[in-house]
Amino acid sequence: MNDIKSFIKEFSQTEISEINRYLTSITPFGVLEELYALSENPIEKSKIFCDMNRILNACRNYVKDDKTRAKLQIILEGSEDIATKLRKLVFKYNQYTYGRRTYENQISDIITNKKINTKINNLIDSFLILSEKLSFFDIDKIAGVESGKKEGSDIVDSILEDKTED
Amino acid sequence: MKKNFKVNPIKSALLRNMPPLSGSIYAFGKIKSGKTTLLLNVSQSYHDNQGYKIVDMFGGLRKEQNYWCLPSNDLDYWERVKKILNIDPKVQVPKQYKVNLLYPLFINELPDKLPTNPGFVKSKIFTIPLKDIELNDIKCTINGTGNNTTYLLEELKNNLGKKDGGAFIYNKVKDMESEKQVIWKNFFKPLIEEQLLQSEVCGYNLDVKKEMKDRETITVLCLDFCPAKFQLLIIEWFMKKVKELLDAGDIPIKNIFLFREVSEFFRVTAVTEDRIVFFKDLLSTWMRYARWGIHVMADCQSQNEVRGVVEGQSDLTFLGRVAGTSRRDRNEIKDSLGSSGKMTTKQIDDLSNLRSGEFYLIENYKDARKVYLLLPKTRYWREGDGSFFNLWTKIVDKWEDISADKEEVLKKFMEEKELLEEERKAKEREKEEKRQRNRSKGGRPAKKEIIEEKEEEDNNVDKEENIDYIEEENNENKNKQLTNDIDEEDWV
């Protein structure tokens, strides 16, 4: 699990695009849009983690390929228990006004645990990588490239240079 | 709060939305500059993205129009482009379009088998109703048309019924004794014998409205088996029908018509035939009234060749690689675009350095900008491909047998022709019998008979006089020879 950043490279472009399509479509219905994903505030971080865990779990059931499902399972390993604990505490924190501080302290205790914090961070990082909006373009809407611009000229070079190599 | 947006470099460099058309599109460039691929790519972009109907009218001498039927075989290229441009991997590229191949019926020229690919490619043979033929059609076929042509055409059309086809015209012309007229010999006779001209109710007549309303399918006019002198007629007739439909508001106005090597018609640097000059005027008119819904997309090697003809109607102009040695071409561009500030001198100088597929795009009022056009999603003509039919045999090899259709049309024509000939002969026989009956009764012969008899007598007299005259001439010649002989003997 510590090697999660290198493990994420195991996902192919099509796998990422498949997961991405689900994540980007589901995100607007969660709390993620209202929160800053890299927040270190214990309550917000817990909320983010719970939400991400929930979405990735749903995504695991959604993907077609079994290999992708297995990869997602590896990412989600061990995070379910933490999520269940945190979800309860966050729920209580939101529900009650009296004794709120106690729940906040309990959440902070969990999050400040080094091992648990690493797991939480890893899951959040993986989610961000998988959900980074890959801007796929529709070929029907593309006629060519503006080669007069610097970026365009580089793109054309790469298209045509490769062609000559063939 | 300040927000920083990360700009996607690919997104900013893509040539995405082509402007909605109000005029025509032209592509200029020397050989291998990528004109063919440009025409296909831009028209595919308009078709896929903006719902334009594509009609491929003229494929040039290389018959490039047929290549719509085959998806591109540049698989490596598209794989690379997909990666570099971050294109949705789920989209199907190369693409197999739905294509209708329209073959005008020239019964002696058309082969028995035409290409087909169920679900995608469909070959159709078509005929033209005689009622549609107008003077303009004839002018696109025959070089000189006079009053006789106009008269005969009107006379034939006035007597033409709904069910009357080529056989009727055949007999009518014989009745009118107009078999020696140019319009008959060079226009009606060959076209009727080839079965292209049919009655209004013939099932093979092309339903242009239906064809134009099918927006998804690419319509390709195949003139592969059409004799060269009738090609303009077919194009003119099709465009005429489209114009009629547009005028009536029966079809949408987003239509693109592809013409390759348009200098065939627009050549201003050489003297061409009357019919081509006439067609050039028509094509120019269609382009001028592009907002009707006829957007012509044309390519040509040199702007100099079509100078002054197309400049006014252009909406999008693509300038490809110009030969470094062609001072005339560069001067032409300098004259038209450099003088108005649309192109800088640096850009004009750069024209000879453009790579294949790179063009300067001049869009309406905007200044020229350099663009690279991707390859088309379909196949396109390449050296070494040979004829399209060979390629089709190699790749798809599915054919539609049209011999039964040909036989049916021919059989119907022959039956009608025989029937009408019998009727004509019967009428003549009746007339003859009437004449004889009148004579046997001792009745006064009809006026016509008197005239005919007189003419016969006159002819006989003329013949006799001629014989006398010839005999006199012969005698004179003989006398002259004799005197000459005597003179020569004296000299000796």
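**View 1. A strand of chain A meets a strand of chain B.** Strand 1 of chain A and strand 14 (residues 369-373) of chain B pair in the antiparallel sense over 2 bridges. Strands here are DSSP runs of E with at least two residues, helices are DSSP runs of H or I with at least four residues, and both are numbered from the N terminus. Two strands pair if DSSP finds at least two bridges between them. Look for Val145(A): its bridge partner in strand 14 of chain B is Tyr372(B). This is a predicted model, in which local features need pLDDT of at least 70, side-chain atom pairs count only at pLDDT 80 or more, and totals for chains, interfaces and linings use all residues. Residues are numbered from 1 along each chain as its sequence is written, while chains are lettered from A and ligands numbered from 1 in the order in which they are written.

**View 2. The side of chain A that touches chain B.** Here, 27 residues of chain A are in contact with 35 residues of chain B; two residues are in contact if their C-beta atoms, placed from the backbone, lie within 7 Å. At least two residues of this side come from each of helix 2 (13-26), strand 1 (144-145) and helix 8 (150-165) of chain A. Helix 8 of chain A gives the most, with 9 residues. Sorted by class, this side of chain A has 10 nonpolar, 8 polar and 9 charged residues. Ala, Val, Leu, Ile, Met, Phe, Trp, Tyr, Cys and Pro count as nonpolar, Asp, Glu, Lys and Arg as charged, and the others, Gly among them, as polar.

**View 3. A hairpin in chain B.** Now follow strand 14 of chain B to another partner: strand 13 (residues 358-363) of chain B pairs with strand 14 in the antiparallel sense over 4 bridges. Phe359(B) stands opposite Val371(B) of strand 14. The hairpin has 5 residues between the strands, and Asn364(B) takes a positive phi near 45 degrees. Strand 13 of chain B is mostly covered, with 5 of its 6 residues buried. A residue is buried if 20 or more other C-beta atoms, placed from the backbone, lie within 10 Å of its own.

View 4. In strand 11 (residues 295-300) of chain B, 6 of the 6 residues are buried. In a regular strand the side chains alternate between the two faces of the sheet. Find His295(B), Met297(B) and Asp299(B) on one side of strand 11 of chain B, and Val296(B), Ala298(B) and Cys300(B) on the other; all are buried. Strand 2 (residues 24-28) of chain B runs parallel to strand 11 of chain B, joined by 4 bridges, and Ala27(B) stands opposite Asp299(B). Strand 10 (residues 255-259) of chain B also pairs with strand 11 in the parallel sense over 4 bridges, with Phe257(B) opposite Val296(B).

**View 5. Two helices packed together in chain B.** Helix 6 (residues 166-175) and helix 15 (residues 403-440) of chain B pack at an angle of about 30 degrees, with their axes 8 Å apart. Axes are lines fitted to C-alpha atoms, for helices over the stretch in contact, and angles run from 0 to 180 degrees between N-to-C directions. Helix 6 and helix 15 of chain B are therefore roughly parallel to each other, a label for angles under 35 degrees. Among the residues making the contact are Phe168(B) and Tyr170(B) of helix 6 and Phe413(B) and Leu420(B) of helix 15.

Notes
Parallel < 35°, antiparallel > 145°, perpendicular 65-115°, else oblique. Buried ≥ 20, exposed ≤ 12 C-beta atoms within 10 Å, placed from the backbone.
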